[in-house]
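Hi,

Here is the model I promised to pass on.

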Amino acid sequence: MQYKTNRLSSVIEWGTLLSTTLIVCFFLFVIIWEIVSKGVSSLSLEFVSKVPSAGMTKGGILTPIIGTVLLTLITALFAIPFGVCCAIYLNEYAENNWLTRTIRASIRNLSGVPSIIYGLFGLALFVQALQFGTSLIAAGLTLGLLSLPYIITTTEEALKRIPNSTREAALAVGATKFETIKDVVLPSAMSGILTGVVLTLSRAAGETAPILFTGAAFYINGTTGYLNQEFMALPYHLYMLSTQHQSIDQVRPIAYGTALVLVIVVFLLNLTAFYIRYKYRKNEN
Amino acid sequence: MKTKLSAENLNISFGEKQVLKNISVAFAEHEITALIGPSGCGKSTLLRSFNRMHDLSPDAKINGTLSLEDLDLNSKHVPVTEIRKRIGMVFQKANPFPKSIYDNIAYGLKINNLPCNKEVVQKALEEAYLWDEVKNDLKMPATRLSGGQQQRLCIARAVALRPEVILMDEPCSALDPVSTLKIEDLIKHLKKKYTIVIVTHNMQQAQRIADKTVFMYLGEVKEEGTTDEIFNHPKNEMTANYISGYFG
Amino acid sequence: MRYKTRISIDILFKGVFKTTGFLVLALLGGIFAMLVYNSISFFLDIKPLDFITGMEWAPTAKTPKYGMLPLIISTTFVTFGAMIIAIPLGIGTAAFISEYAGSRLKNILKPAIEMLAAIPSVVIGFLGIVVLSPGIANIADLPNGLNALNGAILLAIMALPTIITVAEDAIHAVPNAYKEASYGVGATKWQTLRKVIIPAAAPGIIAAVMLGVGRAIGETMTVLMATGNAALIPTGMFDSVKTMTATIAIEMGEVPYQTTHYYALYAIATVLFFMTLFANLVGEFFINRFRKYHAV
């Protein structure tokens, strides 16, 4: 009797936890299903290769695609060297003193700062103080700052996994510390660093709040591509089409298409990161 | 015989902890000297002090004299890379670079501005008894070699720089008996050209390969002498106990 | 290369690396200075107490009102609603993945959670408009479903991956010896989970929740798109709300630079900064406590 109730209750308990998991998976399913099923009809070669036309009710989304690619490129060019260098400093050089602890605490705090505040900072620093104006470069650098703490953290994790014996090997044949880092430590940590970088960039590519006031434009005639000019970007384009456009219902298919392209871009970047991580783990064993 | 490498009144501490106490020891040219003693006795610390590996730990304090012939190894004016070129090192765990077999040997030559070509690389690999096994795969990543081969590659890497001394920190502790014998063979062969100091946990190994043996305990040198003396006629009671397996 | 050149390069790069470390400090300092500087400009015009406790946010009215209480309450309200949804779901899922799922299922669930985390917030906000809003309007018989409930559900989805990942780590890190001891005295799996594992992992789970809260408070796009943006003090889940982040996002694009209204938005950002900082610091405190007890 006692045993039977136990059996029954353990099934109920298992079921409870399973159902919470299923609900979470259901969220993911609904998101993907909705975007894919309604977005796929808008998707065509034309859609990704034509610029918006007729007040954005027709045409494709080439301009925001180019904008997002360029934006992510600027983010990468700024945040990767900066972040990797900082991680190298923390893991290879910094002594464990109050200064290092302060720097680490700052990085943790920076990764918790809301993205809209990065937007304000970009506005104050790049747009106004440095007088870049609302532009591709200002928005790219703002996203770069936002990405920095993630790149530092993931790079440092990757560097930490390199055993000291690897460093000693290079030092023992007479390499300087910098040569050791450049020739041995970084190549060994490369796949770990790349995984973190790609994941960070996929996050940056989907960000909207930081580019709201730093350069994203409602509409640009022709194609984007000038560092000092405003640009269109996929996430902002979706935001705008779904809330700001004067004929929202008419552009809904384009909005779905844009959402699908954005999700595909982000997932592809994530898959790349998974693949690098997978290969790296396989090599490690 | 001529003294090649020596320490005099050497004291090393990490932070509060004194690891080596007033060590004075000399290693003769073209001989193999084994450092033995229980874990934590400071034998690795002593070994690493000769090629300045402690430069990496900021809290290491080193007092005393370390010399390679007339060269003061502890002097700030002597470039550390120069010291490491003249005093090679082989580690406990084989640590090849994440590069090809060829580049593993070539790397040290290149950064030290030494001539680097196929002959030099081949010669180093031959000296480490590895050439015949890898001559067709020089472009292969070194990490694909077996453990024993990797360790011989690391020896070849050290030998390639034509050092005067080779320090070995338990080079066989991670290897199977067959690979171990091969490397012991190699070490005996290498002493014709180099002075070798080897840290080992394995007392049979010390007896098989070492000309001299130094017994250390709790950061001090307790006894030194020929391997025969240390193992067959130890003067110090502690040495006698250690080699007969009472502790350690 | 000559030895001297090599050493110079070595020293040069040490300097470069170190500089980047300091620049990170400067970045946080810069953000902080910007917030403080602009907030001070604002508080020269408006008394801090009036700002924090003012019941009315109407910066464009004839006599502008800068009371941010409705915004704080909106943010808190939506975040609270999100947590009511996300905490049970998150902890349940974390417990399921860690304790019940086999390794095969784990290999599906974990990437699924990462996928959920990867979806851009603007896409989730878009779904709030096209899926949730009509749904809520239908069920509750409202003209539209852009309200606090919508925002809370979306924020819950945004915060779930953080909560699940951190909580799963915490549950996973509970030493097996604890579980074995519990099974050893005849406890069932559920009893072990509730009486042994969850309490042992509690600091880690609290940390997970606090990090989720930090994420929800600072999230902009979803609430901007899905909550209707009426700057009123909400009375229920079906009221439209305007959070702090949404206020900044909407109004910063429209205000002239260096006006009181402009500075007011920075003052909101300062409050927001400290709210998320607080949530993250509490989260970090519990993570550290957890690590201390279960050093791996």
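First, a convention for helix pairs: a crossing is left-handed if the near helix is turned anticlockwise from the far one by less than a right angle, and right-handed if clockwise. This is a predicted model, so local features need pLDDT of at least 70 and side-chain atom pairs count only at pLDDT 80 or more, while totals for chains, interfaces and linings use all residues. Residues are numbered from 1 along each chain as its sequence is written, and chains are lettered from A and ligands numbered from 1 in the order in which they are written.

Chain A

The pair to look at is helix α3 (residues 62–93) and helix α8 (residues 177–206) of chain A, and their crossing is right-handed. Their axes are 10 Å apart and the packing angle is about 140° (axes are lines fitted to C-alpha atoms, for helices over the stretch in contact, and angles run from 0 to 180 degrees between N-to-C directions). That makes α3(A) oblique to α8(A); under 35 degrees would count as roughly parallel, over 145 as roughly antiparallel, 65 to 115 as roughly perpendicular, and the rest is oblique. On the α3(A) side the contact residues include A:Thr68, A:Thr72, A:Ile80 and A:Glu92, and on the α8(A) side they include A:Ile181, A:Val197 and A:Leu201. Contact here means that C-beta atoms, placed from the backbone, lie within 7 Å. By class, this contact has 10 nonpolar, three polar and one charged residues (Ala, Val, Leu, Ile, Met, Phe, Trp, Tyr, Cys and Pro are nonpolar, Asp, Glu, Lys and Arg charged, and the others, Gly among them, polar).

Helices (H or I, at least four residues) and strands (E, at least two) are DSSP runs, numbered from the N terminus. UniProt, in an unreviewed entry, places "transmembrane region" at residues 12–36, 65–90, 110–130, 136–153 and 254–276 of chain A; the positions are in the numbering used here, feature names are shortened, and annotations may be inferred rather than shown by experiment. Residues 12–36 of chain A are 100% helix and 0% strand, with end C-alpha atoms 35 Å apart. For residues 110–130 of chain A the figures are 86% helix, 0% strand and 22 Å.

Chain C

Chain C has 11 helices and two strands, and its C-alpha trace spans about 75 × 70 × 35 Å along the principal axes. UniProt's unreviewed entry lists "domain: ABC transmembrane type-1" for residues 72–283 of chain C, a span that is 79% helix and 0% strand.

How many residues of chain C are in contact with chain A? There are 65, and they meet 67 residues of chain A. Helix α1 (residues 3–43) of chain C gives the most to that side, with 18 residues.

C:Ala170 is buried, with 28 other C-beta atoms within 10 Å. Leaving out residues up to four places away in sequence, C:Ala170 touches C:Ala201, C:Gly204, C:Ile205, C:Ala208 and C:Phe290.

Chain B

In helix α1 (residues 43–50) of chain B, six of the eight residues are buried, among them B:Lys43 and B:Arg48. B:Arg52, which follows α1(B), has a positive phi near 60°.

Cheers

Conventions:
Two residues are in contact if their C-beta atoms, placed from the backbone, lie within 7 Å. A residue is buried if 20 or more other C-beta atoms lie within 10 Å of its own, exposed if 12 or fewer, and partly exposed in between; C-beta atoms are placed from the backbone.
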